[in-house]
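This note sets out several points for discussion on the structure shown below.

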Amino acid sequence: MPSAPQQDSTPTVPTGGKSKPARLWRNLAIGILLVLGLFAYIGQRDKARAMACQTAISAGQQALEHGDLDGARQQNELAQSNCGAADKDLLAKFQKNLQAADTVESCRSNQRLLTTQLNEHKLESAGKTLARLVPKCAAEANSAKLRRRLNQAQTSAGNAIQATRRALESQNLAAARQGMTSLMAANVEAAEREELENEIVRLQTLTDAKNSAPVPATAAVTLTAPATTTQATLPTAPASVATPAPAPRPAPAPAPALDDSREQKSGAVNSVKAEMAQTFITDAETALAQRRFDSARTYLESARRMDPANPRIETLSRQIRERERQLLQQDTTIR
């Protein structure tokens, strides 16, 4: 009887799979590669940011040397977003230089503005600009010079106001107008300006009313007095001659109506205002010729308060805007 075949006792390994240790080694290798790749990426990123930081700081320093503050500020923003702890000291040094340059530029800008305001005789605005100067800027020689100019202009404006008030009190119209002209030449922003203008208009109206007043009735009586004296030296008429009856006195002229009086007074006031408006318009034309546009507009505002219907005001206002636009285009073309 044939014997049964013997079975092989060697364990069989599935052909399609891998052993557990092999899978572990494979996963470990993949993890190591990922970590190395991550470190490499981080290193490259930090290196790129450090390069961007140093490039921005270098470009910002060059912009400061050329006086380009806007460019320096843009580079500062780039540096802040890229600089790390390693570049902290370098960034702080650059920002300190930027702040110093910004302070100097702010001082120069305020000094230029203050000079323009003094040239335009805008003392109230100039005083506010001077008060904004930081102590270091205010201590500069140029700022001290501008401060002296402001003090001198304020003194001139105060003297003009006092002279105008004294002239108004003494009812000296010519001196009051001259004082007002001096005030406008010193400070077009004077708080007393409108009040003095109205007082001058009242004085002009009062002067015109006095000049146009009728001759008093007492003057006619004085003129007829010598005739009465002559008649007293003539011989006495005979008693039989009848004395002629005295001629009837002429009826007194009716008093002008109240409305007519008001209309005359209003017309006189309007005439004075129109005259003052023309003076302000002339001053505005002079300021326009000298390219003092702010002063020209201020004079026009005064003229508009005196005579709003004057067509010359709007025409001159358009000329001021057109001249400013032309100069702005010229400056842009030159730059």
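Is Glu314 buried, partly exposed or exposed, as judged by relative accessibility?

1. The model is predicted, and the comments that follow should be read accordingly. Glu314 counts as partly exposed, because its relative accessibility is 40%, a value between the 20% and 50% limits.

2. Glu314 is paired with Arg304 in a salt bridge, the N to O distance being 3.1 Å. Helix H11 (residues 293-306) carries Arg304 and helix H12 (residues 311-334) carries Glu314, so the bridge ties together parts 10 residues apart in sequence. Arg304 has a relative accessible area of 31% and is therefore partly exposed.

3. Beyond this pair, a network is formed by salt bridges with shared partners: Lys122, Asp294, Arg297 and Glu324 are joined in this way. The structure holds 15 salt bridges.

4. Glu275 and Arg177 also meet through their side chains in a salt bridge, at 2.9 Å from N to O.

5. Why are Glu199 and Arg202 separated by about one helical turn? The two residues are 3 residues apart in helix H8 (residues 193-211), which accounts for that separation. For Glu199, the relative accessible area is 32%, and the residue is therefore partly exposed.

6. Turning to nonpolar packing, the largest nonpolar core comprises 47 residues. Which of its residues touch the most other members? They are Leu118, Leu183, Ile200 and Phe280. Apart from this core lies another, of 12 residues, which includes Ile57, Leu69, Ala72 and Phe94.

7. The surroundings of Leu183 may be listed in more detail. When residues up to four places away in sequence are not counted, Leu183 touches Ala157, Ala160 and Ile161, and also Val188, Ala190 and Leu196.

Methods. Residues numbered from 1 in each chain as written. Predicted model: local features only at pLDDT ≥ 70, side-chain atom pairs only at ≥ 80, totals over all residues. Heavy atoms only, no water. Core = buried A, V, L, I, M, F, W, Y, C linked by side-chain atoms within 4.5 Å. Buried < 20%, exposed > 50% of the residue type's maximum accessible area, 1.4 Å probe, protein only. Contact = heavy atoms within 4.5 Å. Salt bridge = Lys/Arg side-chain N within 4 Å of Asp/Glu carboxyl O. Helix = DSSP H or I, 4+ residues; strand = E, 2+ residues; numbered from the N terminus.
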